[in-house]
Amino acid sequence: MVDSFRPPIGRPQVAILCPPHPVTTTDLSLLPPWYKTGTLSAMTPEERLQQMIEDLRRLRMQCEPKSNQNPRYLRYSTAVSALRWIIDDLAKDSTTRRQDD
C-alpha cells in the first residue's frame, strides 16, 4: 500500500494561488516578490494593482513575438491598461473623498 504524498524534507511546500488552480511548489523563486515577503496584506489597493501590473509586464516580456499581432501579448497589454485605469479611478475617488471631508 502506498502512503499519501509527502513533500521533500527541508523545503516547505508553498501554494501559489493563481488561476485556474492552486499550484504547490518548493521552488520559492517562482513566487512573486510580495508573496515571499508577506507584504500583500499591508499594501494599499493601488499598490496591489501596481504589483499586478509589474507581474503582467514581466509575463508579457516572455511572449514572442513582442507585438500586438501576438494575441497573448495584446491581452497582457490590455490587462495592464485596464489596471492603470482602475488605479486612476481609485485616485480620483480618493481625491473626491478628501475634498468632501
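The chain exposes about 8100 Å², and carbon and sulfur atoms supply 58% of that area. These values come from a predicted model, in which the mean pLDDT of the chain is 75 and 58% of the residues reach 70 or more. Buried residues account for 21% of the 101 residues in the chain.

**Fold and contacts**
- The secondary structure of the chain consists of 3 helices and 2 strands, and these elements follow one another from the N terminus in the order β-β-α-α-α.
- Of the contacts in the chain between residues at least 6 apart in sequence, 26% join residues that are at least 24 apart.

**Helix H2**
- Helix H2, which covers residues 45–60 and has 16 residues, reaches 22 Å from its first C-alpha to its last, close to the 22 Å expected at 1.5 Å a residue.
- The buried residues in H2 are Leu49, Gln51, Ile53, Asp55, Leu56 and Arg60.
- As background to such a pattern, an α-helix has 3.6 residues a turn, so residues three or four places apart point the same way.

**Confidence along the chain**
- Confidence in the chain is highest in H2, where the mean pLDDT is 93, and lowest in strand S1 (residues 14–16), where the mean is 44.
- Over residues 11–23 the pLDDT stays under 50, and for this stretch the model has 26 contacts beyond four places in sequence.

Note on methods. Residues are numbered from 1 along each chain as its sequence is written. This is a predicted model: local features need pLDDT of at least 70, side-chain atom pairs count only at pLDDT 80 or more; totals for chains, interfaces and linings use all residues. Side-chain values use heavy atoms; hydrogens and water are left out. Helices (H or I, at least four residues) and strands (E, at least two) are DSSP runs, numbered from the N terminus. The expected span of a helix is 1.5 Å times one less than its number of residues. Buried means under 20% relative accessible area, exposed over 50%, partly exposed in between (1.4 Å probe, protein chains only). Contact means heavy atoms within 4.5 Å. Accessible areas come from the Shrake-Rupley method with a 1.4 Å probe; for residues, only the protein chains shown count as cover. pLDDT is the predictor's confidence in each residue, from 0 to 100.
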